[in-house]
Amino acid sequence: MPGVLDVPSCDACGHDAILHQIYSGRTLCGEHLAKSVRKRVSKSLRKQLELPRQKKEDEKTTILVAISGGKDSAVLLSFIHHLLHKRRDVVIVAGVVDEGIDGYRSPSMDCAQELCDELGVKLERVSYSELGFEEMDVVVEHLPNIQSRNSIAKGMAPCSFCGVFRRQGIIHLAKRVNASVVALGHNLDDMAQSVLMNMQKADLDRTLRLAPHTSTPLAGMTPRIVPLRWVPEREIHAYAMYKNLPFFHGDCPYAKGALRQRHRDFVASMEEDVPGSMHGLLHSADRIKELYAQIPNENVTGISPIRECIRCGSITSAEVCKACEMMDWVRDSTNPQ
Ligand code: SF4
Ligand SMILES: [Zn+2]
Ligand SMILES: [Zn+2]
């Protein structure tokens with residue numbers, strides 16, 4: 001019987017294990033965890049990233065890797081760099097969006113810059129102010145006022161605004177570097193939470209629009225890929241620590257209270273009770289997308305048509321996009337009456 005101080009050993013090599021993969025029953029040391037993560041990420045990247053075989057001379061595919069200074073995007077960038085930096089037909093650029101959050105954004109930007117310097121990858125930045133949005137610190141300060149004046153804003157957490165503005169930031173950076181594809185650092189936990197949130201709201205459109213967009217491109221949008229989608233968050237974390245990647249360990253002060261946090265807890269407890277639940281949720285969404293793709297176009301209903309926002313021209317399903325609508329609320333609430 002193992003003693004209290006016994007460390008479980010890796011089932012592949014017998015060295016001390018750093019992680020128990022409950023859903024597979026495996027225990028892994030750092031090296032074998034790294035091997036296992038690498039295998040899943042490489043496979044996803046091969047499936048999701050289509051590089052043209054026949055290229056004209058000097059034609060390159062630019063990948064914008066959206067990073068935040070956190071562990072997920074650090075792992076994503078290091079893998080994309082490792083797997084593709086030798087290819088002469090690929091350009092890798094990292095992009096970070098500054099949300100204007102005091103005490104959080106600056107140290108995480110430093111980590112993002114440190115990683116890019118280590119890898120020799122160019123880092124592009126854009127801030128909410130440059131995009132014409134208010135900084136998140138200002139949005140949060142005026143949130144009670146915004147909510148009292150706009151009934152649909154009631155119950156919205158800071159992340160509802162931040163998610164919409166950040167999406168515009170990534171679109172802006174993708175245009176700036178002329179990206180053919182945008183890589184996002186969503187891990188398996190993030191994906192499973194999104195699937196559940198969309199299902200809960202019966203939002204089929206969003207389920208169908210979930211990245212990767214390799215075989216389901218969205219009109220007017222640079223396709224997104226999510227190579228970490230089959231790797232759970234704790235494995236990404238353990239991998240980033242094992243590889244000593246520079247990443248910011250702190251949390252955003254506004255994360256609390258977001259609906260996603262509730263789903264995070266719920267999905268985590270479901271995974272604990274029934275290991276493999278997160279994989280199951282993501283497989284379900286993939287299956288829905290596959291079935292939907294088989295429906296002949298003329299019979300398609302239930303997905304909102306895509307058009308351009310009459311104010312800013314960005315892609316939306318309404319007349320005015322969410323970012324413009326939210327900025328109206330913010331302006332209204334910050335202007336003295
Ligand atoms: S936790 Fe929410 S408010 Fe903070 S950076 Fe993320 S989306 Fe923005
Ligand atoms: Zn091992
Ligand atoms: Zn707009």
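**Briefing: ligand shell, sheet and helix packing**

By class, the shell around ligand 1 has six nonpolar, no polar and two charged residues, where Ala, Val, Leu, Ile, Met, Phe, Trp, Tyr, Cys and Pro count as nonpolar, Asp, Glu, Lys and Arg as charged, and the others, Gly among them, as polar. This is a predicted model, in which local features need pLDDT of at least 70, side-chain atom pairs count only at pLDDT 80 or more, and totals for chains, interfaces and linings use all residues. Residues are numbered from 1 along each chain as its sequence is written, chains are lettered from A and ligands numbered from 1 in the order in which they are written, and side-chain values use heavy atoms, with hydrogens and water left out.

**Ligand 1**
- The shell consists of Glu 99, Ile 101, Cys 159, Cys 162, Arg 166, Cys 252, Tyr 254 and Ala 255, a residue being near a molecule or strand if one of its heavy atoms lies within 4 Å of it.

**The sheet and the helices on it**
- Five strands form an open sheet in the order S5-S4-S3-S6-S7, with parallel pairing; helices (H or I, at least four residues) and strands (E, at least two) are DSSP runs, numbered from the N terminus, and two strands pair if DSSP finds at least two bridges between them.
- At the edges are strand S5 (122–127) and strand S7 (224–225), each of which pairs on one side only.
- Strand S3 (residues 61–66) and strand S4 (residues 90–98) run parallel and are joined by six bridges, and Thr 62 stands opposite Val 91 in S4.
- Helix H2 (residues 71–84) lies across S3, S4 and strand S6 (181–183), running at about 165° to S4; axes are lines fitted to C-alpha atoms, for helices over the stretch in contact, and angles run from 0 to 180 degrees between N-to-C directions.
- Helix H3 (residues 105–119) also packs on the sheet, where it touches S4 and S5, and its direction makes about 170° with that of S4; contact means heavy atoms within 4.5 Å.

**Helix pairs**
- The axes of helix H7 (residues 188–200) and helix H10 (residues 259–273) come within 9 Å and cross at roughly 110°, and the two helices are therefore roughly perpendicular to each other (angles under 35 degrees count as roughly parallel, over 145 as roughly antiparallel, 65 to 115 as roughly perpendicular and the rest as oblique).
- The crossing of H7 and H10 is right-handed; a crossing is left-handed if the near helix is turned anticlockwise from the far one by less than a right angle, and right-handed if clockwise.
- H7 contributes Asp 190, Ala 192, Gln 193, Ser 194, Leu 196, Met 197 and Gln 200 to this contact, and H10 contributes Leu 259, Arg 260, His 263, Arg 264, Phe 266 and Val 267, a set with six nonpolar, four polar and three charged residues.
- Helix H5 (residues 136–149) packs against helix H6 (residues 158–176) at an angle of about 130°, with their axes 10 Å apart, which makes H5 oblique to H6, and H5 passes H6 in a right-handed crossing.
- Met 136, Val 139, Val 140, Leu 143 and Ile 146 in H5 meet Pro 158, Phe 161, Cys 162 and Phe 165 in H6, so that by class this contact has nine nonpolar, no polar and no charged residues.
- H2 and helix H9 (residues 233–242) pack at an angle of about 65°, with their axes 9 Å apart; H2 and H9 are therefore roughly perpendicular to each other, and H2 passes H9 in a left-handed crossing.

**Backbone details**
- Most residues other than glycine have a negative phi, and most peptide bonds are trans.
- Ala 202, in the loop between H7 and H8, has a positive phi of about 50° although it is not a glycine.
- A cis peptide bond with omega of about 15° joins Ala 211 and Pro 212, and Pro 212 lies in the loop between helix H8 (204–209) and S7.
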